[in-house]
Amino acid sequence: MADAVDFANDHVEYFLQLSLLRFARLPEQPSAEHCEDCGEAIPPARQQLVTGCQTCVSCQELRERRR
Ligand SMILES: [Zn+2]
């Protein structure tokens, strides 16, 4: 029984490490100043809020709807 518990704990730790790794590997690319799709200027507030954003709000919505 004790072995099973240890095994489960190891698994939890494993997945915790995995998610931390995935979080650390988020793209660090800078936000675009102009929308990639329509060329509109992206508001500085959005650039700071959404690190690495490449499109304006409406184009982002279009992209997500297309998915
Ligand atoms: Zn756009």
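Q: Is glutamine 47 buried, partly exposed or exposed?
A: A residue is buried if 20 or more other C-beta atoms, placed from the backbone, lie within 10 Å of its own, exposed if 12 or fewer, and partly exposed in between. Glutamine 47 has 16 other C-beta atoms within 10 Å, so this residue is partly exposed.

This is a predicted model: local features need pLDDT of at least 70, side-chain atom pairs count only at pLDDT 80 or more, and totals for chains, interfaces and linings use all residues. Residues are numbered from 1 along each chain as its sequence is written.

Q: Which residues is glutamine 47 in contact with, leaving aside neighbours within four places in sequence?
A: Glutamine 47 lies in helix α2. Helices are DSSP runs (H or I, at least four residues), as strands are (E, at least two), numbered from the N terminus. Contact means C-beta atoms, placed from the backbone, within 7 Å. Beyond those neighbours, the contacts of glutamine 47 are Ser31, Glu33, Ile42 and Cys53.

Q: How many Å apart are glutamine 47 and glutamate 33, C-alpha to C-alpha?
A: The two are 14 residues apart in sequence. In space, C-alpha to C-alpha, their separation is 7.3 Å.

Q: Is proline 43 buried or exposed?
A: Proline 43 sits in the loop between α1 (2-24) and α2 (44-49). It has 12 other C-beta atoms within 10 Å, so proline 43 is exposed.

Q: Where in the protein chain is confidence highest?
A: Confidence here is pLDDT, the predictor's own score for each residue, from 0 to 100. The chain mean is 84, and 87% of residues reach 70 or more. Confidence is lowest in α1, at a mean of 74. At 94, the highest is helix α3 (residues 57-66).

Terms used:
Two residues are in contact if their C-beta atoms, placed from the backbone, lie within 7 Å.
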